[in-house]
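User: Hey, I've got a fold open on my screen and I'd like to talk it through. Can you walk me around it?

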Amino acid sequence: MYPASQNAPGSIKQGTDPAQERWVARVTHDDEPVTELQRVAHPSRVHLDIESNDIEADLQRLQALGARKIEALHTWVVIAAPSGHRFCVVRPQRGEMGVHANEWG
């Protein structure tokens, strides 16, 4: 149980205002995926960033499942699912992948 003064997992990080920010982060454990809520301009209104320690391999896996590469930017790739929803495959944001990370094989 978390004291009321602390951020409990799943809550919006204290000090952020969802109405004013471009994105806000949800509280997660150190080895769990970071979840940020972000305003987007594309029609799906949902955009995920998926951390990967092998972006190229995950890009190939996703394309084999029907995803389409939109563009490569800096260190991440923008993908569109068959449904049209866009998401990014990005490098790990906090170092090594933790014990809660999914492994695809």
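User: Let's start in the sheet: what stands opposite Leu-48 in β6?
Analyst: Phe-87 does. Keep in mind that this is a predicted model.

User: Ok. Which residue of β6 is the bridge partner of Glu-51?
Analyst: Val-90 is the bridge partner of Glu-51. β3 and β6 run parallel and are joined by four bridges.

User: And β5 with β6, parallel or antiparallel?
Analyst: Antiparallel, again with four bridges. One of the pairs there is Val-78 with Cys-88 in β6.

User: What sits between those two strands, and what does Gly-84 do there?
Analyst: They form a hairpin with five residues between the strands, and Gly-84 takes a positive phi near 100° in it.

User: So what's the strand order in the open sheet?
Analyst: The order is β3-β6-β5-β4, four strands with mixed pairing. β3 and β4 are the edge strands, each pairing on one side only. From one strand to the next, the twist averages 25°.

User: Is β6 enclosed or open to the outside, and why?
Analyst: β6 is largely enclosed by the rest of the structure, because four of its five residues are buried.

User: Where does the helix go relative to the sheet?
Analyst: α1 lies across β4, β5 and β6, and runs at about 150° to β6.

User: How much of the chain is buried?
Analyst: Of its 105 residues, 20% count as buried. The accessible surface comes to about 7800 Å², and carbon and sulfur atoms make up 50% of that.

User: What share of the contacts is between residues 24 or more positions apart?
Analyst: It's 36%, taken over the contacts with a separation of 6 or more.

User: Back inside, then. Which residues make up the largest nonpolar core?
Analyst: There are nine: Ile-55, Leu-59, Leu-62, Ala-67, Val-77, Ile-79, Ala-81, Phe-87 and Val-89. α1 (55-64), β5 (76-80) and β6 (86-90) are the elements that give two or more residues each. The largest share, three residues, comes from α1.

User: Why would those side chains end up together?
Analyst: In soluble globular proteins, nonpolar side chains tend to be buried together.

User: Take Leu-62 from that list. Buried or exposed?
Analyst: Leu-62 lies in helix α1. Its relative accessible area is 12%, under the 20% cut-off, so Leu-62 counts as buried.

User: What does Leu-62 touch, neighbours within four places aside?
Analyst: Ala-67, Phe-87 and Val-89. From Leu-62 to Ala-80 the C-alpha atoms are 9.5 Å apart in space, with 18 residues of separation in sequence.

User: And Ala-67, which residues does that one touch?
Analyst: Leaving out residues up to four places away in sequence, Ala-67 touches Leu-62, Ile-79, Ala-80, Ala-81 and Pro-82.

User: Switching to the loops. Where is Ser-52 found?
Analyst: Ser-52 is in the loop between β3 (48-51) and α1.

User: Is Ser-52 buried or exposed there?
Analyst: Buried, because its relative accessible area is 3%, under the 20% limit.

User: What else is Ser-52 in contact with, beyond four places in sequence?
Analyst: Asp-58, Val-89, Val-90, Arg-91, Pro-92 and Met-97.

User: Last one: where's His-74, and what is its phi?
Analyst: His-74 is in the loop between β4 (68-73) and β5. Its phi is near 50°, a positive value in a residue other than glycine.

User: Got it. And is His-74 buried or exposed?
Analyst: Its relative accessible area is 76%, over the 50% cut-off, so His-74 counts as exposed. Ser-52, also in a loop, is buried at 3%.

Methods
Residues are numbered from 1 along each chain as its sequence is written. This is a predicted model: local features need pLDDT of at least 70, side-chain atom pairs count only at pLDDT 80 or more; totals for chains, interfaces and linings use all residues. Side-chain values use heavy atoms; hydrogens and water are left out. A nonpolar core is a set of buried Ala, Val, Leu, Ile, Met, Phe, Trp, Tyr and Cys residues joined through side-chain atoms within 4.5 Å. Buried means under 20% relative accessible area, exposed over 50%, partly exposed in between (1.4 Å probe, protein chains only). Contact means heavy atoms within 4.5 Å. Accessible areas come from the Shrake-Rupley method with a 1.4 Å probe; for residues, only the protein chains shown count as cover. Two strands pair if DSSP finds at least two bridges between them. Axes are lines fitted to C-alpha atoms, for helices over the stretch in contact, and angles run from 0 to 180 degrees between N-to-C directions.
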